[in-house]
Amino acid sequence: MNKRILILITLLGGFMFSCTEESNPAFDTNNFTSIFDNSKFDASYFPIDIRQTPDGGYLVLGGRKLTNSNFTGIYLLKADKFGKFVTEIEVEESSVNPIAKFAAYQDKYYFFCMDAVTQEAQLVDVDADLSAVNITPVEGGLTYPAASSFEGDEFVLLSYNNGSKESVISLVSVSGALQISKGYSIGTGEDIEEPIINHFIRTGRQYPFEVGRVAGSSLYYFNGFYNYTFSLVFTNITSDDPIGVVQGQQDDGGFSAVTSLGGSKFATSRFNFGDNYLLPNKDLSTSGNTSSTDLGGYSLPEMVENAEVKILRASIDNKNVLIYGTDTKTKQIGLLFYDEAAGTFISSRYLGFSNPFEIASLTQTADGGLAVCGTTYLAGRFPRICIFKLSKDKLAENVN
Amino acid sequence: MKRLSLLLLCCLIITAGVAQEKKRKKPASPAYKEKKAKEDAKFLNKQWWLGLKAGPNWSKVGVEKSYSVIAPTNYEFDHIAKQYKNYDLVGSQATLEVTFYFKGFSFSFQPTYQHSRFLYTNSYEWTSDIETTNHVELDFEQEQKVDHAIIPLIVKYDIMGNKIRPYVQIGVYSAMLINASKSVSVKGIDNAAGGVNEFTEETINLGAKDLFAKNHWGLMGGVGLNYNLGNNVRLNFDVLYRHGMSNIVSTKNRYDSDRLSGVGDVMDDLTLDNLNISIGCLFPLRFLSSGFKTLDLK
């Protein structure tokens, strides 16, 4: 009898202790939401791009409102692997208008900005701890940098030359040396330039400028103004004329995001007079003239007009997927998962509630999770940077 | 459930009352009385008791590790830290008691349904260096309601007495989560609108079962009093303090609620303490005769 009672008590005791909830640092790094707040009423911060650092933390490249300039100041933030604030840098106002992408190369992180007085492009590098910021002028007098990407060991830079009224695509080394450059006319007349300048001083619409290289090819592309329209232009950066152009509808239609999947395959999204269309796996003609309005695509009425779209190629649970991040009319960040090979819709996930949230950037983390960086408006009005970290398991739920 | 418990309680009281109505036996001889007293004393060394009790409780939480969605960049975290209001809200509990009494000690099994409530507040402030009247303040109040099934094992010791029997008790318990909900209310003052604009936002109510741990355990101790009514019924007054020993919050699902994260709320790692006060009735389960007659020491 006593033995039985002893066994019962032991079993009961074992049950009590075995089922308790223990703190687990892995859970804290797998999933978190962080909003980086500044108590200044007049402060305004917005993220541009995010990179994970080798220590598991995050570097955020952002912009900040300047009181004495029409341009945007540079803001850099470091968060640890738990999403906690570590440090920040407000770069001096002599350098302004930081642009994506925030590129990692060797042990440094690079981005382009411009000189506040001359509007000439500058290359900035920082280390993973944000211990120092080095600013190097880019050779060749490139002005108004609009977008960049890092291909191999050099940058592809899209800039705007307001003297010759050209969209300029260039290759720039990590030391800031200009390798090659080619300009393409946006057309003539002040009307065509006005939205571009308004983009740079953020008094008008923010255009989805992009630049990159076609995967597995020596062909480059930029998404910008060419011949009076917002177009996707293919070039080898040597020919005077583009090799191919997918035209938009002046500045009312065009691509809102472009990611090369290799060859003529692209994951893209496009806007057309406010409507949005997603094209997860589309063959685009990289030569000749075509029109983006003929491409069709999945229309998503839940997206805001001319929505910002970010596309990330990711491997989740051994599946190659495309994650589209966008802004919804419910003021949330919408994540749409598509099968990369088939271009078929898999599932969706929405982030944020109550306060408005807007997408800025997505990056897959070393643990197989996803970091989503965006802007939220605390108290409905103060723009602040936020990071959502989603675990590998949560992403697996989305693709299975 | 409440009605069924009440009905059961009434039946037990009536049964006990009826047993007392049995007519008294004629006086017995002294030898018989002595023998009977010995037998009674031996009988009274063991008894099973069954009863029900219920009452209010007040909760206190202990913060094991603090978490926040909001990460301040130019001010100290203390400014927005959660302020827990302990023993502020009244919860309730209902307990079924099964107790085995043996020579002054009782071994009690008291499965309990416990509804706990606790509250915390925090506030945020934005001020302008340029225009001093530009000032916004938001005050958040988060209330948690958590229901647990508590499975305790308790040892009691009757200190003294017969009619009035005070006791002390200690034990250990395991708690299983049944349900949980949260509500977040936001009030604010906006001085930037040209005047003092006091506003209240719509309260966010949501189920929060996933945010809490499925199980936790703790230790318990307390005092109580049994009052023998003389008709096989004991009234019970019980004061019990449960001290949580493990985290009541789900570490894995902490950030799972976008609705809460969106307003900057996330649960800390917490232990839950409860001060329970209960009153109820206990009935003996061992009887001397078929007439449901049991003994009380004179």
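Two strands pair if DSSP finds at least two bridges between them. Strands here are DSSP runs of E, at least two residues; helices are runs of H or I, at least four residues; both are numbered from the N terminus. Keep that in mind for what follows.

Some ground rules. This is a predicted model, where local features need pLDDT of at least 70 and side-chain atom pairs count only at pLDDT 80 or more, while totals for chains, interfaces and linings use all residues. Residues are numbered from 1 along each chain as its sequence is written, and chains are lettered from A, ligands numbered from 1, in the order in which they are written.

Start with strand 19 of chain A, residues 265-272. Six of its eight residues are buried. Buried means 20 or more other C-beta atoms within 10 Å of the residue's own; exposed means 12 or fewer; partly exposed is in between; C-beta atoms are placed from the backbone. On one side, strand 19 pairs with strand 18 of chain A, residues 253-262, antiparallel, over eight bridges. One pair to look at: A:Thr259 has A:Ala267 as its bridge partner in strand 19 of chain A. Two residues sit between these strands in the hairpin, and A:Gly263 takes a positive phi near 65° there.

Strand 19 of chain A also runs antiparallel to strand 20 of chain A, residues 275-283, with seven bridges. Here A:Ser269 faces A:Leu278 in strand 20. This hairpin again has two residues between the strands, and A:Phe273 takes a positive phi near 50°.

Now the packing. A nonpolar core is a set of buried Ala, Val, Leu, Ile, Met, Phe, Trp, Tyr and Cys residues joined through C-beta atoms within 7 Å. The largest one has 134 residues, and A:Phe111 and A:Leu157 touch the most other members. What does A:Leu157 touch, beyond residues up to four places away in sequence? Its partners include A:Phe112, A:Leu142, A:Val172 and A:Val211. Contact means C-beta atoms, placed from the backbone, within 7 Å. A second, separate core has seven residues, among them B:Ile150 and B:Met220.

Next, the interface. The contact takes 32 residues from chain A and 38 residues from chain B. On the chain A side, strand 1 of chain A gives the largest share, six residues. That side divides into 14 nonpolar, twelve polar and six charged residues.

The peptide bond from A:Ala100 to A:Lys101 is cis, omega near 5°. A:Lys101 lies in strand 6 of chain A, residues 95-105.

Two non-glycines have positive phi. A:Asn306 is at about 45°, and B:Tyr87 at about 55°. A:Asn306 is in the loop between strand 22 and strand 23 of chain A. B:Tyr87 is in the loop between strand 3 and strand 4 of chain B. Buried or partly exposed: which is A:Asn306? A:Asn306 counts as buried, because it has 22 C-beta neighbours inside 10 Å. B:Tyr87 has 13, so B:Tyr87 counts as partly exposed.

Conventions: Two residues are in contact if their C-beta atoms, placed from the backbone, lie within 7 Å. Ala, Val, Leu, Ile, Met, Phe, Trp, Tyr, Cys and Pro count as nonpolar, Asp, Glu, Lys and Arg as charged, and the others, Gly among them, as polar.
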